[in-house]
Amino acid sequence: MIQDIFPHRFNNQYLANQRMNEADWVFHFRGNELLVKIEGNTVVLPQRKDFPELSEQTPATFLFQLNERSCFLITNLRENSQEGLEYKDMSFFRTIDQPEVAWVAVAAFQLKNWYALNKFCGQCGSPTKHKTDERALMCPACKTVFFPKISPAIIVAILSNDKILLARNASFTGNRFALIAGYVDVGETIEQAVRREIKEEVGLSVTNIRYYDSQPWPLSGSLMIGFIAEADEEQPIVIDNKEIVEAGWFSRGNLPNHPNTSSIAGELIARFERGELLSQSFCPTEEQMR
Ligand SMILES: [Zn+2]
């Protein structure tokens, strides 16, 4: 999955007083684009030394560390002042073969968005300030503290015997199918969210809901909480025709276009395809066990 970058090391401990060194990574965004160096097929993160215009006075926000090297967010840069650097649309993270770069790029993107959305206090409108002891913003006037916003969302592989339910979301491009997913609503448990989303989107009742794994998904500021559930495939599938435009049961070896294993959805589908995800009521044949 996208956060699995071993042997590289990601450390999100907030080091408020970290000073920027020449070799530290610098993240600067322009909308949905990140300023990077392109060397052949490789995306290289720029370093402090690539920005002669930066000084001790330039506001820089510590983000996290990659391989013990600090990563900083810079919001104020002069346009076109960085020779050899270019803005690249964030979608590059899906195609590059450098998992550690893809991961820190999306993690930085989430923090950039959060800082941008919280420049002012939602309570009294005063400009916020960085807290010095933790990753948070504080309003100096009314003392409200703002922490990074993370939205829990469930994602569920629904199984029936040797089939998996896949659905096509109205927003997907390229005839792509994935799993049922949705945000946890106010006042509900994650298990209730699983039942509600499945009922709303495909009209099925499920049993045997079990936790699988979780995954931070910084692009939408979500924490994806993965589940496996089972349904009787004799039930009619009733799609909502809003979020979901097509859904059906699929067998191994016969799956439609679906996400890759950078997402928890892709990993669950890949595990189903390999025969590692079976409904508890299903007894695999010897061939399926191989
Ligand atoms: Zn305030």
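A: One may begin with contacts: two residues are in contact if their C-beta atoms, placed from the backbone, lie within 7 Å. The model here is a predicted one. In this chain, residues 24 or more positions apart account for 63% of the contacts with a separation of 6 or more.

Q: What are the overall dimensions of the C-alpha trace, and how many helices and strands are there?

A: Along its principal axes the C-alpha trace spans about 65 × 50 × 30 Å. The chain contains four helices and 17 strands. Of its 290 residues, 30% count as buried.

Q: Into which domains is the chain divided?

A: The division gives domain 1 (10-113), domain 2 (118-149) and domain 3 (151-282). The centres of domain 2 and domain 3, taken over C-alpha atoms, are separated by 37 Å.

Q: In which sense do β6 and β7 pair?

A: Strand β6 (residues 60-66) and strand β7 (residues 69-74) are antiparallel and pair over six bridges. Within this pairing, Ala 60 of the chain stands opposite Ile 74 in β7. The loop between β6 and β7 holds Asn 67. Phi of Asn 67 is near 50°, a positive value in a residue other than glycine. Asn 67 is partly exposed, with 13 other C-beta atoms within 10 Å.

Q: Which strands form the three-stranded open sheet?

A: Its order is β9-β10-β11, with antiparallel pairing. Here β9 (129-130) and β11 (145-146) are the edge strands; each has a single partner, so one side of each is without a neighbour in the sheet. Strand β10 (residues 137-138) pairs with β11 over two bridges.

Q: How can the length of a helix be checked, taking α2 as the case?

A: The check compares an expected span with the distance between the ends. Helix α2 (residues 190-202) has 13 residues, which at 1.5 Å a residue should span 18 Å; the end C-alpha atoms are 18 Å apart, in agreement.

Q: Which residues of α2 are buried, and where do they lie around the axis?

A: A residue counts as buried if 20 or more other C-beta atoms lie within 10 Å of its own. In α2 the buried residues are Ala 193, Val 194, Glu 197, Ile 198, Glu 201 and Val 202. Seen down the helix axis, they fall within an arc of 125°, so they line one face of α2. They pack against β12 (151-160), β13 (163-169), β14 (180-183), β15 (206-217), β16 (222-231) and β17 (244-251). Gly 203, with a positive phi near 70°, follows α2.

Q: Against which strands do the buried residues of α3 pack?

A: They pack against β12, β13, β15 and β16. In helix α3 (residues 264-273) these buried residues are Ile 264, Ala 265, Glu 267, Leu 268, Ile 269 and Phe 272. Just after α3, Gly 275 has a positive phi of about 80°.

Q: Is Asn 208 buried or exposed?

A: Asn 208 is exposed, with 12 other C-beta atoms within 10 Å. This residue lies in strand β15. Asn 208 also has a positive phi of about 55°, although it is not a glycine.

Q: Where is Gln 98, and which residues does it touch?

A: Gln 98 is placed in the loop between β8 (86-89) and α1. Leaving aside residues up to four places away in sequence, Gln 98 touches Thr 42 and Val 43. Gln 98 is partly exposed, with 18 other C-beta atoms within 10 Å.

Q: Which peptide bond is cis?

A: The bond from Phe 6 to Pro 7 is cis, with omega near 10°. Pro 7 belongs to the segment before β1.

How values were computed: Residues are numbered from 1 along each chain as its sequence is written. This is a predicted model: local features need pLDDT of at least 70, side-chain atom pairs count only at pLDDT 80 or more; totals for chains, interfaces and linings use all residues. Two strands pair if DSSP finds at least two bridges between them. Domain bounds come from an automatic or database domain assignment. The expected span of a helix is 1.5 Å times one less than its number of residues. The arc is that of the directions from the helix axis to the C-beta atoms.
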